[in-house]
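Trainee: I am new to this structure and would like to understand how its descriptions are reached. Could we go through some of them slowly?

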Amino acid sequence: MAGSRVPRQLFLQGVAAVFMFAFASLYMQIPGLYGAEGILPARRTLRPQGKGRWQQLWETPTLLWEAPRLGLDTAQGLELLNLLGTLLALGALLLRQLRHLLTYLLLWAAYLSAYQASGGASCPPAPVGQVFLYFQWDSLLLETGFLAMLVAPLRQCPHHKQAPQGGLAGALPHEGLPFWLVRWLLFRLMFASGVVKLTSRCPAWWGLTALTYHYETQCLPTPASWFAHHLPVWLHKLSVVATFLIEIAVPPLFFAPVRRLRLAAFYSQVLLQVLIIITGNYNFFNLLTLVLTTSLLDDEHLAAKSGNSRCRKTPTSWPRALLAMLSLLLELTIYGLLAYGTVHYFGLEVDWEQHTVRSRTTFTFHQFSQWLKMVTLPTMWLGVASLTWELLTALWRWTQVRGWLRKLCAAVQLSIFGTATVALFTISLVPYSYVEPSTHGRLWTGAHRLFGTVEHLQLANSYGLFRRMTGLGGRPEVVLEGSYDGHHWTGKEPVIRLLQNDMTKYPFHKQPPTYLRAQRYKYWFSQPGEQGQWWRRQWVEEFFPAVSLGDPTLDMLLRQFGLQDKSPPRPHGSSSPLAQALHWVRKQLSHLEAPIVLWGLLVTLGAIRVIQALLGPRSPRSSPPAREEKHRPASKKDLGAAGKQAAPAPDNNSSGSQTPRRKK
């Protein structure tokens, strides 16, 4: 049985990296989004409701309630949280000692605080439009961050005390349980993302033509999107088939008993996420999904075993040989079923004359709905069976712990983390069941009550990526136009810097416009023959008529959407030392674009990692005489002496799992 010590460390480092980029990116946008002159000032979101302190904190869990005690307003408190979150995440990336339960608890609490301040799940509801952190990747980061808190060790074991083979000998009994929840989260994310594409009845997904529109209509295309868009249509359709295969058929293999099947599922998920990253910008969504895939790995695959153990060959007994043969037969059977199902349900045919592969959906919406109704509940039971196995494995590991004190401590930890794992799994069944309404209705009522109690903490969420393909008739874009004919108003610098950091390139950098209007265009990628152009566009209509400050139409719309801010910013926090320090940091970074800051963090991290590798301790290597002696047959006298030295002294509080009695 392979261990998961190295994958857990990779997971914790990956979560820290995503938190670092998330906090740093949000920090650079705070003045334009939540500042006193921002689009939606944060002071309008968090307003005391006359409730008790702890009740208010539970209903709207954010540390920003304490900002006035520090002499800060809400936006300044948000800046402080993001700065501290960036530094703490950077520390967890660089220092193994900081990958601790408390560190990830603070990171999760800080991001949850920012999420609540943005109006993501505030109570009472925030004004319409206060949704800057109301995306699926924000919910996924909060759920993953909470799991990282459980995966992170309570204390870091010294390197020399870790198991020499990277897995079970040095592991605590409960360590694999929270990490299993990461695998379950990855399953829910991918399976639901594939299913919703078909339950939405989107004609582009059902016709396998979604990718012929996707690259030019997605939120933030990359330069590679232009080239991907001009690939042959048959290849686009085949790519949609591969997407359905990876997102719907492959995820159940996350729980396969054969590790090679899990590794095949891992590489398929990595391939999909890397291709999405190359052809589109979705913030840290795909990077975070890659972090989740570490739950499919093990120490053996990551070469966590020592070189000696890899080279050593032991004779295989007939039961092991039989088990290996049965595993191989199971693998081939599953690969064959996946290939047959793909060809059958998507009508794959090779056109040898045109050198293309034809594809089409051969099943109906009703057939898919019946299939989904049939498999949703079994996938839950699949999770139950897999979790039960993990619990039994943890219990078996506990029986191997020696010493009554160690056994007692291990039992307490196993009870706590086992209960937390089962509770979080039960909670997650509620949002997961959203993919099939009848299954959701049949779910245990206790699970619904438990989920409703903690829903505002974002411990479990529903997911579904690219549910419907938009912009089928062209990419809709609203273009704002302004004029100088009138009085001086709007055009605040923090908001402008969200779009253009170089103020001299902004057409109204000297004087804000008096009149504004909005025109709607449709955009398409340019054709390969058009030199020097990425896009071509066509005017559609006037999206919003020309208005000026004080225009009755504008005032009516602002009141209708609750965007009129009559409360002026409170200046009481500006004179505190902490507020002045935050202002100084902001001033130093105000002239840098956000990508430069993020790349600077990445380069700094890489440089420190290189220095750590150069200056850190190196593992001792065996000298040539020692290697020769290692392969020399030992005499009976030597074996007797070695046996006497290897005999451990009796110790009630010591664990014999770390000291092998005999080497074969």
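Trainee: Which residues do ring pairs link into a cluster?

Mentor: Bearing in mind that this is a predicted model, ring pairs link Trp205, Trp206, Phe244, Tyr345, Phe346, Phe363, Phe365, Phe368 and Trp371 into a cluster. In the structure as a whole there are 34 aromatic pairs.

Trainee: Why is the pair of phenylalanine 525 and tryptophan 535 called stacked?

Mentor: The ring centres of phenylalanine 525 and tryptophan 535 lie 4.4 Å apart and their planes meet at 25°; rings pair if their centres lie within 6.5 Å, and planes under 30 degrees apart count as stacked, so this pair is stacked. The pair links distant parts of the chain, with phenylalanine 525 in strand E4 (residues 515–525) and tryptophan 535 in strand E5 (residues 535–548), ten residues apart.

Trainee: What makes phenylalanine 525 buried or exposed?

Mentor: Its relative accessibility is 2%, and buried means under 20%, so phenylalanine 525 counts as buried. Tryptophan 535, with a relative accessible area of 29%, falls between the limits of 20% and 50% and is therefore partly exposed.

Trainee: How do you know whether tryptophan 318 is buried or exposed?

Mentor: Tryptophan 318, placed in helix H14 (residues 318–345), has a relative accessibility of 67%; since exposed means over 50%, tryptophan 318 counts as exposed. Together with Leu322, Met325, Leu326 and Leu329, Trp318 forms a nonpolar patch on the surface, with about 550 Å² of accessible area together.

Key:
Residues numbered from 1 in each chain as written. Predicted model: local features only at pLDDT ≥ 70, side-chain atom pairs only at ≥ 80, totals over all residues. Heavy atoms only, no water. Patch = residues over 30% accessible without salt bridge, like charges linked within 9 Å, V, L, I, M, F, W, Y side chains within 5 Å. Areas by Shrake-Rupley, 256 points an atom, 1.4 Å probe, with all protein chains shown as cover. Salt bridge = Lys/Arg side-chain N within 4 Å of Asp/Glu carboxyl O. Helix = DSSP H or I, 4+ residues; strand = E, 2+ residues; numbered from the N terminus. Buried < 20%, exposed > 50% of the residue type's maximum accessible area, 1.4 Å probe, protein only. Phe/Tyr/Trp six-rings, centres within 6.5 Å; stacked < 30°, edge-to-face > 60°.
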